[in-house]
Amino acid sequence: MNKPHIPASEQTSKTLQPSSTDEIQKTPETEEVSLLKSLLEKDAERFGSPNVMSKQTLDYLRGAGLMGLPKMKCRPPDSGVLLSDSGFSELVLSVLSDTCFDLSRIPERALSWLSSYQGKGTPSLWVSGGSGSGKTTLACWIVKELVERSEKTGETAPSATFVPVADLVRDTWMGASYYGKENKWRSIRPLTTCELLVLDDLGTCVKQGKEECAVVREVVDKRYTSMLPTIFTTQFGLREYCAMLRKAGADEHDVTSLINRVLASMSGYLRQDASAIEANHVSL
């Protein structure tokens, strides 16, 4: 029986194919694909859908020449893009980028917390003050400084997320009634895994004390067990805030657990330390 004739081109292509994945060498192209895959996986986990991409991923695609545009020689992260993509409002970012922004307004305790920040394991920060005192702006300034510091050192920027408590309560408890109970965890999960979370304006939903306490406690508890820092902004001190939650009908167990978790996270997670708690409370 005559053997089938195999064209020389096919024979050559077969000999060039590696016999195992171990023989595939890393190239700029394979590393590009690996990085893109990592970004897409993070987006899918964050948004709960493989079909949604963050602005950071889109900018990367454009910069890498994968969307019909010339490939850039350098793709440094832009703090404004990273922060706006993480939920920070354009208004606050505009204030921070203003050349007239008064850095002398930054409290010494906030500067001390910033200088000691090391990601996981960093104590949480409680920022309190009256309406219009600059709590949200201060929290956003701290994150902006961390992002820009990473740009200068060439390190990976911290994965920071900004969320107003009012939006969190709406997207979990109200969203669950429309879209099912699984929507609650879908909204909470990204907040429990990001390196740094700004939980803005605690107490805005205090009339819904039971709902606010339950969702905030759940976020705080999971971040506490992972030793992930949180910046809290509110018009109230911690015990005053929790007293208001109790008065509004919050579960006593949830309130007590919330107090203990926040105080421990402000102390460095292992124990409650009065001096550390005081040092990590910024009053405006």
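## Confidence of the model

The structure is a predicted model, and its protein chain has an average pLDDT of 76. A score of at least 70 is reached by 64% of the residues.

One covers residues 8–24, for which the model shows three contacts beyond near neighbours in sequence. The other covers residues 65–79, which has 24 contacts of that kind in the model. Where pLDDT is low, the predicted coordinates should not be read in detail.

## The parallel sheet

Five strands build an open sheet, arranged in the order β2-β3-β4-β1-β5 and paired in parallel.

The pairing of β2 with strand β3 (residues 196–202) is parallel and extends over five bridges. Within this region, F162 is placed opposite V198 of β3.

Helix α7 (residues 135–153) lies across β1 (125–128), β2, β3, β4 (230–234) and β5. Relative to β4, helix α7 runs at about 160°.

Helix α7 also packs with helix α6 (residues 108–116), at an angle of about 30° and with the two axes 11 Å apart. The two helices are therefore roughly parallel, and their crossing is right-handed. On the α6 side the contact involves A110, L111, W113, L114 and S115, while α7 supplies L138, W141, I142, E145, L146 and R149. Eight of these residues are nonpolar, one is polar and two are charged.

## Helix α12 and its contact with α11

Helix α11 (residues 238–247) packs with helix α12 (residues 252–267) at an angle of about 165°, and their axes are 10 Å apart. The pair is therefore roughly antiparallel, and α11 and α12 cross in the right-handed sense.

The residues of α11 in this contact are L238, R239, Y241, C242, L245 and R246; they meet E252, V255, T256, L258, I259, V262 and L263 of α12. By class, the contact of α11 with α12 contains nine nonpolar residues, one polar residue and three charged residues.

## Helix α12 and its contact with α10

Helix α12 also contacts helix α10 (residues 209–225). The axes of α10 and α12 come within 9 Å and cross at roughly 35°, and this crossing is left-handed.

From α10, the contact draws on C213, A214, V216, R217, V220, D221 and Y224. From α12, the residues taking part are D254, V255, S257, L258, R261, V262, A264 and S265. Nine residues of the contact of α10 with α12 are nonpolar, two are polar and four are charged.

V255, L258 and V262 of α12 take part in the contact with α11 and also in the contact with α10.

Definitions and conventions
Residues are numbered from 1 along each chain as its sequence is written. This is a predicted model: local features need pLDDT of at least 70, side-chain atom pairs count only at pLDDT 80 or more; totals for chains, interfaces and linings use all residues. Side-chain values use heavy atoms; hydrogens and water are left out. Axes are lines fitted to C-alpha atoms, for helices over the stretch in contact, and angles run from 0 to 180 degrees between N-to-C directions. Helices (H or I, at least four residues) and strands (E, at least two) are DSSP runs, numbered from the N terminus. Angles under 35 degrees count as roughly parallel, over 145 as roughly antiparallel, 65 to 115 as roughly perpendicular and the rest as oblique. A crossing is left-handed if the near helix is turned anticlockwise from the far one by less than a right angle, and right-handed if clockwise. Contact means heavy atoms within 4.5 Å. Ala, Val, Leu, Ile, Met, Phe, Trp, Tyr, Cys and Pro count as nonpolar, Asp, Glu, Lys and Arg as charged, and the others, Gly among them, as polar. pLDDT is the predictor's confidence in each residue, from 0 to 100. Two strands pair if DSSP finds at least two bridges between them.
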